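Welcome, and thanks for taking a look. Below is a short tour of a predicted model, from its sheet to its surface.

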Amino acid sequence: MSERTRTERVVAGRVGIDELLERVREDLDRIGPREAFEAAAEGALLVDIRYAALRERDGLIPGALVVERNELEWRLDPQGSHRAAEATSHDLRVVVVCNEGYASSLAAASLRQLGLHRATDLVGGFQAWKAEGLPVTH
């Protein structure tokens with residue numbers, strides 16, 4: 001897309017989801033399944049935002065915090081009154097996991113807006129984790 005076309009779309013207030021996703025990913029240091037596994041072993045918080053039916057169908061990543069997407073910001077804000085016990089600091093490394101790695105990018109960008117500057121997401125989501133043969137519980 002030309003710079004002029006991009007500028008015209010932004011000025012008009014119209015940004016498609018593909019462009020929005022591309023933009024938010026520019027600011028994320030996205031990681032793959034093995035790197036996410038290692039990050040969790042080093043203290044990163046994996047946060048599974050998949051809805052219940054997908055978790056029931058496919059299983060869970062052991063140790064991941066399950067937070068429905070519509071509660072994410074409230075549960076991960078270290079200053080919030082509804083925060084999860086794991087949300088201890090704005091310096092916490094958070095890796096958001098959705099099903100295939102799309103919604104998690106937008107969710108990680110939202111967490112960054114709350115000051116969680118190390119938030120990122122898992123490329124390929126839970127499906128990539130599972131395909132890599134990493135631990136899953138049912």
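## The sheet

Strands S1 and S2 are paired in the parallel sense, with 2 bridges between them. Within that pairing, Val47 has Leu65 of S2 as its bridge partner. On to the next pair: S1 and S3 also run parallel, and 4 bridges join them. Here Val47 turns up again, standing opposite Val96 in S3.

Taken as a whole, the open sheet is formed by 4 strands with parallel pairing, and their order is S2-S1-S3-S4. Strand S2 (65–66) and strand S4 (120–121) stand at the edges with a single partner strand each, so one side of each has no neighbour in the sheet.

Which way do the side chains of S1 point? Leu45 and Val47 point one way, Leu46 and Asp48 point the other way, and all of them are buried.

## Helix H3 and its packing

Helix H3 spans residues 33–41, and its buried residues are Pro33, Ala36 and Ala39. These residues cover an arc of only 120° around the axis, so they lie on the same side of H3. What do they pack against? Their partners are strand S1 (45–48), strand S3 (94–97) and helix H7 (125–131).

Just after H3 comes Gly43, which takes a positive phi of about 110°.

## Salt bridges

A search of the whole structure turns up 8 salt bridges. In one of them, the side chains of Arg30 and Asp121 meet at 2.8 Å, N to O. This pair links distant parts of the chain: Arg30 sits in the loop between H2 and H3, Asp121 belongs to strand S4, and the two are 91 residues apart. Arg30 is partly exposed, with a relative accessible area of 21%, whereas Asp121 is buried at 0%.

Another salt bridge joins Asp58 to Arg57, with the closest N and O atoms 2.8 Å apart. Arg57 counts as exposed at 54% relative accessibility, while Asp58 counts as buried at 6%. Through salt bridges that share partners, Arg57, Asp58 and Lys130 are joined into one network. In general, side chains of opposite charge can pair when their charged atoms come close.

## A nonpolar patch

Which residues form a nonpolar patch on the surface? They are Val15, Ile17 and Leu20, and together they have about 230 Å² of accessible area.

Val15 is placed in the loop between helix H1 (3–11) and helix H2 (17–26). With a relative accessible area of 34%, Val15 is partly exposed.

Definitions and conventions:
Residues numbered from 1 in each chain as written. Predicted model: local features only at pLDDT ≥ 70, side-chain atom pairs only at ≥ 80, totals over all residues. Heavy atoms only, no water. Buried < 20%, exposed > 50% of the residue type's maximum accessible area, 1.4 Å probe, protein only. Arc of directions from axis to C-beta. Contact = heavy atoms within 4.5 Å. Patch = residues over 30% accessible without salt bridge, like charges linked within 9 Å, V, L, I, M, F, W, Y side chains within 5 Å. Areas by Shrake-Rupley, 256 points an atom, 1.4 Å probe, with all protein chains shown as cover. Salt bridge = Lys/Arg side-chain N within 4 Å of Asp/Glu carboxyl O. Pairing = 2+ DSSP bridges.
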